Amino acid sequence: MRNQSVSSNIDWISIVIYITLVILGWLNIYSSSLSGAPEDASIFDFSQIYGKQFLFILFSIPIIFTILAIEAKFYEKYSIIIFAVSLLSLAGLFVFGKTIAGQRCWYGIGSFTLQPSEFAKAATALALAKYLSDVQVNLREMNRQIQALFIVFLPVMLILPQPDPGSALIYFVFFFVLYREGLPGWYLVTGFIAILLFILTLATNNPYIVIGLTALTLVVNHYRSRLVDRNIFASILMFLMISVFTFSVNFVFNNVFKQHHRDRFNILLGKEVDMKGVGYNTNQSEIAIGSGGWFGKGYLEGTQTKGGFVPEQHTDYIFTTVGEEWGFLGSLFVIGLFVGLILRIIYLAERQKTKFSRVYGYCVAGILFIHFFVNIAMVIGVFPTIGVPLPFFSYGGSGLWGFTILLFIFLKMDANKVNEW
Amino acid sequence: MRKVLLPSLVIIAGSLLLIRIFFLQIIDDSFKLKSENNAIKIKYDYPERGYVYDRNGKLLIANQPSYDIMVVPREVKNLDTLEFCQLLDIDKAFFLKKMEKARVYSPMLPSVFLPQLNKLEYAAFQEKIRKFNGFYIQKRSIRDYQVSYGANVFGFIAQVNEAIVAKNPYYKPGDLIGKQGIEQSYEEILRGQKGVKHILRDKFNREIGSYKDGKYDTIAQQGKDITLTIDGDLQQYGEELMVNKWGGIVAIEPKTGEILALVTSPNYDPALLVGRQRSKNYSLLYRDSIAKPLYDRGLLAQYTPGSPFKILTGLVALQEGVISDSTRFVCNHGFSYARGRFMRCHCSGGSIQLHRAIYESCNTFFSSSYIKIINKYNDHGYAVDLWAKHLKSFGLGDFMGYDLPIGVRGNIPTSKIYNRTYAGWKWDGKTIVSNAIGQGEVLMSPIQLANFMATIANRGYYYTPHIIKKIKNQPIDPKYRQKHTTTIDRKYFDPIIEGMHAVYGPAGTASGLGVEGIEICGKTGTAENFMVINGKRTKLQDHSIFVAFAPKDNPKIAIAVFVENGYWGKRWAGPIATLMIERYLKGKITRTDFEKRMLQGSLQDQYNKRYPQKHQDSLGILNARVKDSIAREKGKIDSLATKKPVEVKKDTVKKKTP
């Protein structure tokens with residue numbers, strides 16, 4: 001029986017962590033959206049956020065069984081079609097999409113909304129895995145690199161103008177996957193230097209200082225390193241590129257960015273102190289988490305949570321409830337679960353027999369990682385405010401199902417690996 | 001390398017997040033506080049303060065509701081300042097000042113905007129309060145004095161200052177606390193416990209329920225009623241007698257140590273320190289550094305005791321065996337204690353024994369006795385300490401341990417002082433002989449004088465004076481039931497008491513002051529005093545002192561009266577003490593002849609001499625100013641409440657006019 005073989009081969013560790021996260025998420029959504037006394041409210045009140053989330057969780061069970069029931073080969077075989085459908089659904093938003101709070105990211109069916117970008121991640125991962133699993137693909141070749149990046153940036157092009165920079169940001173994690181599969185290291189190094197220069201430019205607010213520092217580094221490097229090929233033209237080229245980049249960062253920040261974008265960066269860099277206005281979110285979430293202490297205030301006892309001081313608490317800021325009510329130990333537990341799950345998936349990916357499932361597994365780990373890291377970093381005030389949900393935790397059907405599909409397709413592949421001879 | 005990058009990043013990122021969370025939750029405490037301020041609102045329910053009764057069950061102090069207007073500056077929106085100010089009868093500058101003060105304290109927490117509105121003002125404001133966002137009314141209870149005397153005994157209620165708030169977490173800004181008098185001594189008993197409610201708020205400051213289901217909430221506990229040992233009638237009579245005289249009267253029941261009356265003069269109507277005018281009135285009283293109406297002369301003034309001290313000299317001399325009741329000294333209308341030093345004596349002179357020495361107040365007799373006490377031992381220092389030990393057994397030279405918050409030690413000199421003062425000299429009894437007649441280094445407060453009189457009346461023991469008689473449902477401090485016995489044997493008291501009885505006799509210093517049917521034992525005193533006026537040490541008119549107890553057998557009252565610059569003992573203090581005794585024991589006055597003189601007499605001329613250039617009677621100004629406004633306000637409220645015609649209560653008009 002196929003089902004029997006799935007249940008005996010599937011990775012139960014991942015499933016246990018998954019279930020724990022989903023249940024914890026729901027409990028925290030319950031706490032954060034509860035107003036008034038707990039006795040007055042039914043947990044299954046479907047007009048309430050926690051009731052809806054319960055429905056979403058229930059509905060993910062048939063999704064899981066469907067995914068597990070489908071032949072593993074199906075995902076590989078139809079990955080391009082899935083990817084194409086996903087891209088179509090993203091493109092369709094421009095025509096049929098529903099605008100909520102200025103963002104055109106949803107399909108509305110009655111009161112029910114669906115966010116296709118949550119499913120596009122899994123589709124992109126499948127497509128990328130399919131492309132890389134081709135034996136002819138060698139990422140050391142320039143045109144292969146361009147093709148791979150094209151797959152990744154196709155959905156980004158559709159997501160950015162919605163506008164949904166949070167979802168678009170996620171796709172940068174595919175660089176780690178490509179690196180794992182042979183992309184030259186300088187991509188990552190360049191990206192790292194670009195981020196560093198970006199932060200430096202904003203922090204100093206003076207491109208000349210950054211350019212001066214760069215020149216100094218290059219000059220020192222030129223005379224000190226005798227091992228590396230001392231190509232004066234390469235150094236000058238690098239200097240010019242960095243200068244152009246720095247100036248453009250400065251220009252973009254001051255002229256292209258909207259004021260609220262600038263504010264978000266300024267808060268992080270400590271330049272803004274308006275805690276009633278633009279700094280309100282970050283300040284309130286820091287207060288909520290900071291007031292938790294070692295053991296927290298106890299479940300349903302969080303004063304910040306109950307007072308509704310943290311905006312968007314049941315979605316992007318759900319981790320503040322964990323911090324406030326469960327304290328440092330609770331935060332440690334949740335972060336431990338995420339790290340454990342991601343490491344487990346990486347471990348499973350590395351032991352895959354086929355390149356397709358390995359790349360896909362790596363994509364799953366990377367997507368979960370960037371969500372988890374960016375979300376919590378934002379909540380605790382070390383990353384700019386950006387709309388990235390916490391996987392399995394944050395309120396929302398599309399998000400929960402998107403992550404569930406993403407994870408369980410991989411678990412199905414993993415369970416099937418014995419057949420892959 | 002390529003395989004390790006992502007797992008390493010995951011682990012590093014997870015650790016960085018945890019470090020940051022650790023910093024937020026464990027290291028940095030500031031968020032905890034912010035969260036409490038953010039979300040929890042505390043509401044207080046103030047209990048009524050306990051009532052105060054006199055020893056006969058007469059109500060002295062009750063309560064009246066008072067309404068503080070509180071403000072939460074952040075919540076003040078769309079305020080019609082003009083209407084608001086007109087309603088409360090304040091000007092715009094005052095409004096802005098108060099708002100600024102509240103904002104500086106905290107924009108989110110309530111501050112008192114205007115304290116202690118009366119019923120009338122409250123009613124007018126309450127009607128329109130819905131228009132004034134951010135303002136609300138905090139009901140408190142303030143004192144309603146049923147009598148116009150006893151201000152020094154009662155003390156008063158005031159808003160806590162920042163120092164108290166910082167020291168005692170019970171008090172929050174705007175809370176009331178008892179200051180001075182019994183209000184301070186019995187603050188915790190009288191005030192009760194305020195109730196606390198923790199209310200959870202949301203980000204719109206709406207109340208969304210009680211915090212942790214009221215786990216930390218407490219119910220207000222009513223303050224306890226207390227009964228004082230004061231006899232209201234006697235207290236009032238004492239204050240009336242002391243009008244236009246400065247000084248103090250302390251009356252004690254010898255058998256129990258209960259304080260029957262504690263009068264200081266000048267005094268003020270306790271109602272002056274209630275309501276919106278409180279702080280204005282208080283500062284006027286406080287700044288009056290001349291009459292010092294806030295200074296309790298019965299407890300705080302230290303005077304040289306003068307002749308009453310001779311009683312103690314006699315007792316110690318008897319106890320030490322240096323004289324007996326038949327010992328004779330010859331008095332030549334004075335006493336030469338050193339070359340060129342002569343102490344005059346007003347007695348009739350001749351060969352004199354203890355009995356006559358007391359009732360004629362012979363300086364020579366007691367000086368000779370004192371020299372004998374000190375010279376009994378070759379080590380004069382030892383003798384002085386022995387003498388001091390006897391005196392201290394009367395509770396002198398130290399705080400007495402009574403239950404009022406203020407006091408002085410007085411002074412009983414010991415050998416240490418004299419050895420230091422006369423270092424390198426040979427000193428003996430003659431050197432310090434002025435102690436014999438209460439004019440040396442000895443200092444006593446009126447309450448110490450009264451207590452030593454009670455000790456004489458008891459023939460050798462006393463109870464620590466106290467003002468608390470009963471606390472509802474709670475025993476009073478057992479130390480007030482503890483007998484203190486002196487080092488003087490009981491048998492030595494009788495000859496002294498006989499002498500004091502004779503003071504009221506035909507040849508005594510208080511002859512003619514006697515009251516029919518009451519056997520009074522007393523002792524006059526006249527104490528020299530000096531003051532620096534215009535840089536010169538000037539001798540002022542002598543203080544008038546009188547101590548007494550009555551009846552001679554089974555004494556019921558012991559009293560000390562001190563009238564500053566009252567010439568001599570019999571002139572002012574003697575009659576006042578006698579009248580007090582008669583009033584207490586008989587309930588009425590038969591000596592109406594000098595009652596009238598005492599009630600109407602004034603020593604203001606003497607006091608004006610002390611401060612020739614700058615004297616002005618602040619209390620007079622205050623009373624004149626305040627009596628109008630109080631009368632007006634009370635009349636307004638009374639007429640509002642009862643629809644009675646406006647009538648000015650007699651006791652709101654203070655007795656004193658310059």
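This is a predicted model: local features need pLDDT of at least 70, side-chain atom pairs count only at pLDDT 80 or more; totals for chains, interfaces and linings use all residues.
Figure 1. Is Pro465(B) buried or exposed? Pro465(B) counts as buried because 27 other C-beta atoms lie within 10 Å, and the cut-off for a buried residue is 20 or more. Leaving aside residues up to four places away in sequence, Pro465(B) touches Ile252(B), Gly257(B), Ile259(B), Met400(B), Tyr402(B), Ile447(B) and Asn451(B). One of these contacts, Ile252(B), is 213 residues from Pro465(B) along the chain, yet the C-alpha atoms of the two residues are separated by 7.2 Å.

**Figure 2. Helix H10 of chain B and the elements against which it packs.** Helix H10 of chain B comprises residues 232-241 and is mostly covered, with eight of its 10 residues buried. The buried residues of H10(B) are Gly232(B), Leu234(B), Gln235(B), Gln236(B), Tyr237(B), Gly238(B), Glu239(B) and Leu241(B). Which elements do the buried residues of H10(B) pack against? Three strands of chain B are among them, namely S3 (59-71), S11 (247-253) and S12 (258-265). Two helices of chain B, H20 (573-586) and H21 (592-600), are also packed against these buried residues.

**Figure 3. The packing of helices H2 and H16 in chain A.** Two packed helices are described by the angle between their axes and by the distance between those axes. For helix H2 (residues 12-33) and helix H16 (residues 319-350) of chain A, the angle is about 155° and the axes are 10 Å apart. H2(A) is therefore roughly antiparallel to H16(A), since an angle over 145 degrees is placed in that class. The crossing of H2(A) with H16(A) is left-handed. On the side of H2(A), the contact involves Ile13(A), Ser14(A), Ile17(A), Thr20(A), Leu21(A), Leu24(A), Asn28(A), Ser31(A) and Ser32(A). H16(A) contributes Thr321(A), Val322(A), Glu325(A), Val334(A), Leu337(A), Gly340(A), Leu341(A), Arg344(A) and Ile345(A). By class, the residues of this contact between H2(A) and H16(A) are nine nonpolar, seven polar and two charged.

**Figure 4. The side of chain A that touches chain B.** In this view, 41 residues of chain A are in contact with 32 residues of chain B. Helices H9 (174-180), H14 (280-290), H15 (303-307), H16 and H17 (355-379) of chain A each supply at least two residues of the side that touches chain B. Which helix gives the most to this side of chain A? H16(A) does, with 11 residues. The side of chain A that touches chain B consists of 22 nonpolar, 14 polar and five charged residues.

**Figure 5. The open sheet of chain A.** The secondary structure of chain A consists of 18 helices and three strands. Strands of a sheet pair through backbone hydrogen bonds, in either a parallel or an antiparallel manner. In chain A, three strands form an open sheet in the order S1-S2-S3, with antiparallel pairing. Strand S1 (98-100) and strand S3 (112-114) of chain A are the edge strands, each pairing on one side only. From one strand to the next, the twist averages 55°. Strand S2 (residues 103-109) of chain A pairs with S3(A) over three bridges. Within this pairing, Ile109(A) stands opposite Phe112(A) in S3(A).

Definitions and conventions
Residues are numbered from 1 along each chain as its sequence is written. Chains are lettered from A and ligands numbered from 1 in the order in which they are written. Axes are lines fitted to C-alpha atoms, for helices over the stretch in contact, and angles run from 0 to 180 degrees between N-to-C directions. Helices (H or I, at least four residues) and strands (E, at least two) are DSSP runs, numbered from the N terminus. Angles under 35 degrees count as roughly parallel, over 145 as roughly antiparallel, 65 to 115 as roughly perpendicular and the rest as oblique. A crossing is left-handed if the near helix is turned anticlockwise from the far one by less than a right angle, and right-handed if clockwise. Two residues are in contact if their C-beta atoms, placed from the backbone, lie within 7 Å. Ala, Val, Leu, Ile, Met, Phe, Trp, Tyr, Cys and Pro count as nonpolar, Asp, Glu, Lys and Arg as charged, and the others, Gly among them, as polar. Two strands pair if DSSP finds at least two bridges between them. A residue is buried if 20 or more other C-beta atoms lie within 10 Å of its own, exposed if 12 or fewer, and partly exposed in between; C-beta atoms are placed from the backbone.
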